[in-house]
Amino acid sequence: MDTLPVFWFIAIAILWTGYLLLEGFDLGVGMHMILGTRDDRDRRVMLNTIGPVWDGNEVWLITAGAAIFAAFPHWYASLFSALYLPLTIMLLGLIVRAVGIEYRGKVATARWARIWTYGIGVGSIVVAFCVGAALALTSTGLPLNANGDRVGGPFVWLTLPAIVGGLAVVGFALAHAATFLGLKADGPVRERAGRFAARWAPLCLVPAAVWALWVQLAHGGTPLSWTLVGLAVVAAGLGWANARRRREGRAFLGYAGFGLFGAGAIFAGMFPRVLPSTIDPAFDLTVWNAASGEYTLGVMTVVACVGLPVVILYQAWSYWVFRKRVTPGMIPDAHVVLPAALRAR
């Protein structure tokens with residue numbers, strides 16, 4: 001058995017899990033901005049909790065997609081061509097969300113802030129749903145023929161597993177962000193986040209649990225994947241118990257552990273498949289028939305072993321630098337600021 005394809009399958013699973021854990025609370029904070037409050041100062045507190053890190057967290061999405069392209073080109077070609085429409089919608093959501101984060105504070109009017117607040121919130125929901133749908137389909141299957149081409153129309157991807165996966169990532173982002181805001185914010189935002197984490201977060205995690213169980217039952221889960229499912233349930237229970245006691249750090253670790261073990265269970269359950277075919281199991285794409293050549297994977301491994309630790313260390317350092325809470329007192333009143341070039345005249 002070739003080890004490099006297996007290594008890169010594990011590496012891609014880690015990259016997607018890192019994206020869900022880090023970008024997950026970013027997306028969730030965007031959702032809470034439109035679902036959790038109507039107070040502008042509270043929304044600015046929320047936005048400032050992710051301000052220093054949100055764009056760095058998106059690197060995990062780019063890296064995961066690039067790793068699939070380089071390590072498993074057949075997986076990339078089949079998945080991205082089959083999901084052209086939802087991935088385009090996801091890209092639009094990413095653009096609107098990023099522009100909203102950058103532009104929201106540029107004009108000191110309530111209407112301007114409201115427009116970009118909903119751009120951030122709706123964009124976050126769209127991105128989370130599309131990412132979840134794409135990952136759910138790559139774990140449960142698409143109608144692929146012997147050539148790896150999609151069979152059916154442009155909406156053939158819109159199936160029950162895709163909807164469950166989309167709701168799973170949206171729900172996890174909401175729960176994960178609630179515990180993150182409990183750690184990073186203070187004042188009314190912290191209180192509302194604590195109540196949400198204790199009351200509604202367990203319900204938000206139900207679609208993700210359904211997705212993980214679906215994969216196990218569809219592919220005949222392994223002892224490893226079932227163990228990870230059990231650990232995910234235990235982590236969610238610990239997160240909920242600590243959220244009820246307002247132990248914010250432990251609640252965050254509990255819900256994050258649910259995401260970590262749940263994603264691990266899904267990837268372990270689908271192995272060695274990378275994209276099953278719902279037409280015929282003989283058409284499944286696996287780590288063996290979808291992988292690049294040994295030389296390509298070898299070069300990628302060397303580059304990853306050098307570059308990935310640097311990226312992780314830099315992100316860890318940035319989180320440490322911006323580790324303190326954001327309080328309402330840190331947020332100044334909205335005001336117009338003239339550019340330096342105009343002030344000099």
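## Helix packing and cavities in a predicted model

The model described here is predicted.

Two packed helices are described by the angle between their axes and the distance between the axes.

| Helix pair | Angle between axes | Distance between axes |
|---|---|---|
| α2 (residues 40-50) and α8 (160-184) | about 95 degrees | 10 Å |
| α1 (residues 3-35) and α13 (residues 248-270) | about 150 degrees | 10 Å |

Start with α4 and α5. On the α4 side, the contact uses Gly65, Ile68, Phe69, Ala70 and Ala71. They meet Pro73, Trp75 and Tyr76 of α5. Seven of these residues are nonpolar, one is polar and none is charged.

Next come α2 and α8. Their angle is about 95 degrees, so the two helices are roughly perpendicular. From α2, the contact takes Met46, Thr49 and Ile50. From α8, it takes Phe180, Leu181 and Lys184. Four residues of this contact are nonpolar, one is polar and one is charged.

Now take α1 and α13. How are these two helices oriented to each other? Their angle is about 150 degrees, so α1 and α13 are roughly antiparallel. The crossing of α1 past α13 is right-handed. Phe9, Ala13, Trp16, Thr17 and Leu21 make the contact from α1. Ala256, Gly259, Leu260, Ala263, Phe267 and Met270 make it from α13. Nine of the contact residues are nonpolar, two are polar and none is charged.

**Two cavities**

Rolling a probe the size of a water molecule over the atoms shows where empty space is left. How many cavities of 30 Å³ or more does the structure hold? There are two.

The largest cavity has a volume of about 60 Å³. Helices α8, α9 (188-199), α12 (223-244) and α13 each supply at least two residues of its lining. Among the lining residues are Ala178, Thr179, Gly182, Ala193 and Gly194. Asn242, Arg246, Arg247 and Glu248 also line this cavity. By class, the lining of the largest cavity has five nonpolar, four polar and three charged residues.

The second largest cavity holds about 30 Å³ of space. Its lining consists of Ala136, Thr140, Pro161, Val164, Gly165, Trp211 and Trp214. Two or more of these residues come from each of α7 (110-140), α8 and α11 (206-219). Which helix gives the largest share of this lining? Helix α8 does, with three residues. Five residues of the lining are nonpolar, two are polar and none is charged.

**Two backbone details**

Arg246 lies in the loop between α12 and α13. Although Arg246 is not a glycine, its phi is positive, at about 60 degrees. Arg246 is also one of the residues that line the largest cavity.

Pro272 sits in the loop between α13 and β1 (273-275). Is the peptide bond from Phe271 to Pro272 cis or trans? The bond is cis, with omega near 5 degrees.

Definitions and conventions:
Residues numbered from 1 in each chain as written. Predicted model: local features only at pLDDT ≥ 70, side-chain atom pairs only at ≥ 80, totals over all residues. Heavy atoms only, no water. Axes fitted to C-alpha atoms, helices over the stretch in contact; angles between N-to-C directions. Helix = DSSP H or I, 4+ residues; strand = E, 2+ residues; numbered from the N terminus. Parallel < 35°, antiparallel > 145°, perpendicular 65-115°, else oblique. Left-handed = near helix turned anticlockwise from the far one by under 90°. Contact = heavy atoms within 4.5 Å. Nonpolar A, V, L, I, M, F, W, Y, C, P; charged D, E, K, R; others polar. 1 Å grid on protein atoms, 1.4 Å probe; cavity = no way out; pocket = protein on both sides within 12 Å on 5 of 7 lines; lining within 4 Å. Points joined across faces, edges and corners; volume = space filled by probe spheres on them.
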